[in-house]
Amino acid sequence: MTHEKCLEKMMKIDSLEIATVDESACPHVRVISARYFEGSTMVFLTARGKAFARQLEKNPNVAVIAFDEQANDMVRLTGKAERVPEAEQLACRKRMYEVYPYLENVYPGETKEIDVMYRIPAYAMEYFTLKTHPITREFFEVRGASREKKGYRISDACIGCATCQSVCPQQVITEGSPFVIDEAHCLQCGNCFENCPVQAIEWLGE
Ligand code: SF4
Ligand code: SF4
């Protein structure tokens with residue numbers, strides 16, 4: 001998997017869910033269908049008066065998720081949205097209406113001037129699939145964005161009892177000193193963490 005292939009997956013899926021946070025740090029999630037990729041940059045449309053646009057102006061942090069019908073294959077993207085520069089707004093809107101002609105029914109004629117285009121140029125991306133065994137997780141950092149490291153890690157406090165191996169549903173812990181979790185195939189379910197007799201397993205991240 002590459003991040004370009006992840007983007008292709010995101011374009012094939014009819015709609016994406018995108019989450020923002022408001023001034024009170026309350027999360028909001030909404031579906032966006034009108035988006036395209038310019039190279040690796042995701043461009044999307046909303047209207048200036050919508051709560052969505054207001055939230056983006058105040059807090060650009062976004063998380064986007066796309067998954068197939070069975071939710072077995074998922075792409076997640078986290079980054080900061082920015083308003084497309086004024087000089088490029090019109091061209092981006094034109095392109096968006098070409099890709100999604102139905103928009104003409106939503107904003108006919110001059111009413112489309114209320115539209116505003118945003119883009120997410122730099123982001124961390126995660127591909128996650130349940131179609132393999134063990135499951136597979138891959139990470140990409142696009143244009144210098146850094147991802148928040150999270151997941152389980154085994155510390156030097158490990159005494160090598162192998163309890164974690166026996167309770168891991170994906171069998172992704174290998175023997176060693178200390179034992180090691182394979183992040184690329186870990187469900188992050190926490191079963192090893194809960195069963196370690198000496199609390200040698202740590203959660204990294206928030
Ligand atoms: S259960 Fe804890 S102590 Fe035992 S092998 Fe796993 S990490 Fe090490
Ligand atoms: S978090 Fe779950 S899947 Fe990952 S290593 Fe621990 S038990 Fe296995």
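Predicted model: local features only at pLDDT ≥ 70, side-chain atom pairs only at ≥ 80, totals over all residues.
Residues are numbered from 1 along each chain as its sequence is written, chains are lettered from A and ligands numbered from 1 in the order in which they are written, and local features need pLDDT of at least 70, side-chain atom pairs count only at pLDDT 80 or more, and totals for chains, interfaces and linings use all residues.

Let's start with the domains, whose bounds come from an automatic or database assignment. Domain 1 covers 3–142 and domain 2 covers 151–204. Their C-alpha centres sit 35 Å apart. Where they touch, domain 1 puts in 5 residues and domain 2 puts in 7, with contact meaning C-beta atoms, placed from the backbone, within 7 Å.

Now for the ligands. Ligand 1 has 14 residues around it, and Cys158, Cys161, Thr163, Cys164 and Cys196 come nearest. Ligand 2 also has 14, the closest being Cys168, Cys186, Leu187, Cys189 and Cys192. A residue counts here if its C-beta atom, placed from the backbone, lies within 6 Å of the molecule.

Finally, have a look at phenylalanine 67, which is part of strand E5 (residues 61–67); strands are DSSP runs of at least two residues marked E, numbered from the N terminus. Leaving aside neighbours within four places in sequence, phenylalanine 67 is in contact with Asp73 and Met74. Its C-alpha atom is 34 Å from that of alanine 200, 133 residues away along the chain.

Technical notes
Contact = placed C-beta atoms within 7 Å. Helix = DSSP H or I, 4+ residues; strand = E, 2+ residues; numbered from the N terminus.
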